[in-house]
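Hi,

Here is the structure I said I would pass on. Have a look at it first, and my notes on what turned up follow below.

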Amino acid sequence: MNRALVYCVFGLWFHPVLLEAAHNAPNCGKPLGGNNFPSDRIVGGYDVGYYRYPWFAALIRYNEVSCGGALIGPRTVITAAHCYKEFLTLASKGDLKLESIYNVKLGVYNICTTESIQTEYRVEKVQVHELYNQKKPYYDICLLTLANETRSFRPICLPQFEMSKRYKDGYVPGLGTLRYRGAMPCTVHEARLLIFNDSDCLAMINKTGNDLNSFKNAFCAGYTQGGIDTCQGDSGGPLQVQNGQGLYVLLGIVSYGFRCASPGMLGIYTDVSKYLDWIQEKSGLDAGIVNLIYNITSPITTRPTKPSHKRKPQRRPHKKPIRIIIY
C-alpha cells in the first residue's frame, strides 16, 4: 500500500477509502440499555436512572465535580474553556500547570458512591482555544488528553460536517446543581432542551445589554418560560442530539447563561460543528477516524449498573462547581 495514501492516527495507518467507509459504520454515540431512539415525551431535570452515557465525563477538583465533558476519541475529552478561566493568567506566568487542575472521571452515574465502572484519569495535556482569552465568553472550547487509555468507554459521535440547520431539540446530562445556587445531586440528571434559531438567541442577548457583535459560533437552548435549564456544575458538558440511527451526536458544549432556568433567559452553547477543523488539527480526530478506530479496537460494552441506595458576567469563587452565570 502506498503510504502517501494513508493516514496515521494514534499509531494506526488508515487508507482514505476506509476513513470514508467509517462514516457509514458508526461505533460511537450508543447509550447503554434501553431504546436508542428518540422519545416523544418532553422531559427535563430527571434522574437518568442508571449508568447510561459512557462518554459523559466529570472534571474533579478537591473531590468535587467542577465541570462536565464528553469523551470524543481515544484519551480525548472535550469541555468548555471557561472551566479553566480563573487559572489561565497564573498558567501563562508559569505559576501553575493547567494539567494539574482537574482529574477526569469516566463511567459515572452516582458520584457519591464507588461504582466499579468508574475510572479516574490524570490529565496529560490541556488545549484551550487560542482565541478564548481575547473573545470570551466565546470560543469556549477545550480539549483534554488523558494520561491513560480509555478503550473501556465508548465516545460520543462528532458531527460529520458544519451544520447549517440545527436540530429542534437536544439532551444535556450533567451533575450540576438542580436549582440556582442549590445543592448538587449524587446522580447524573438530564434535561431535554429546545434549540432556538440565531435571531431569537440574539434578541434574548440584546435584552441583557450584552454585545451582539461578539456572538460567535454558539447557539441558544432552553425554554422561554424557564423552569428547565443547565446550571452550576454543568459547564463543559455535552448537548447531544440523536440522529436517524438513534446515535448520540455532540452538537453543543454547555457554555454560559443568565442565572438558571429564569423566564425569558436561554442558555448559550458552543456550536461544536463550527470547530471540527480545530478539533481535527489539535487531536487528529474527526467523525470517520473515531468510528474507524473504535471499530478496529472493539471497545468493551459494559452493562448498565443499578443505581445506588447590561447584565455583566460576574466571577464566582471556585469553591463549588461553576458555570458562567450572567446576572
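Asp-271 is buried, at 0% relative accessibility (buried means under 20% relative accessible area, exposed over 50%, partly exposed in between, with a 1.4 Å probe and protein chains only). Its side chain meets that of Arg-166 in a salt bridge, 3.2 Å from N to O (a salt bridge is a side-chain nitrogen of Lys or Arg within 4 Å of a carboxyl oxygen of Asp or Glu). Arg-166 sits in the loop between strand S9 (142-146) and strand S10 (169-174), while Asp-271 is in strand S15 (residues 267-271), so the pair ties together parts that are 105 residues apart in sequence. Helices (H or I, at least four residues) and strands (E, at least two) are DSSP runs, numbered from the N terminus.

Before you go further: this is a predicted model, where local features need pLDDT of at least 70 and side-chain atom pairs count only at pLDDT 80 or more, while totals for chains, interfaces and linings use all residues. Residues are numbered from 1 along each chain as its sequence is written, and side-chain values use heavy atoms, with hydrogens and water left out.

For the overall picture, the chain has 6 helices and 16 strands, and buried residues make up 55% of its 327 residues.

Back to the charges. The salt-bridge count comes to 9. One of them pairs Glu-124 with Arg-75 at 2.8 Å, N to O. Glu-124 is in strand S8 (residues 119-128) and Arg-75 is in the loop between strand S5 (64-73) and strand S6 (76-79), so this bridge ties together parts that are 49 residues apart in sequence. Glu-124 is partly exposed at 41% relative accessibility, and Arg-75 is partly exposed too, at 23%.

There is also a network of salt bridges linking Glu-130, Glu-281 and Lys-282. Within it, the closest N and O atoms of Glu-281 and Lys-282 are 3.9 Å apart. Glu-281 is exposed at 58% relative accessibility, whereas Lys-282 is partly exposed at 24%.

That brings us to helix H5 (residues 276-283), whose buried residues are Leu-276, Trp-278, Ile-279 and Ser-283. They cover an arc of only 160 degrees around the axis, so they are on the same side of H5 (the arc is that of the directions from the helix axis to the C-beta atoms). Asp-277 and Glu-281 are exposed on the other side. The buried residues of H5 pack against S5, S6, S8 and S9, with contact meaning heavy atoms within 4.5 Å. After H5 comes Gly-284, with a positive phi near 80 degrees.

- Cys-67 to Cys-83 has an S to S distance of 2.1 Å; the link is left-handed, with -110 degrees about the S-S bond, and both residues are buried.
- Cys-112 to Cys-186 has an S to S distance of 2.0 Å; this link is left-handed as well, with -90 degrees about the S-S bond.
- Cys-201 and Cys-220 have their sulfur atoms 1.8 Å apart; here the link is right-handed, with 60 degrees about the S-S bond.

Cys-142 is buried, at 0% relative accessibility.

Cheers

Note on methods: A disulfide is a pair of cysteine sulfur atoms within 2.5 Å.
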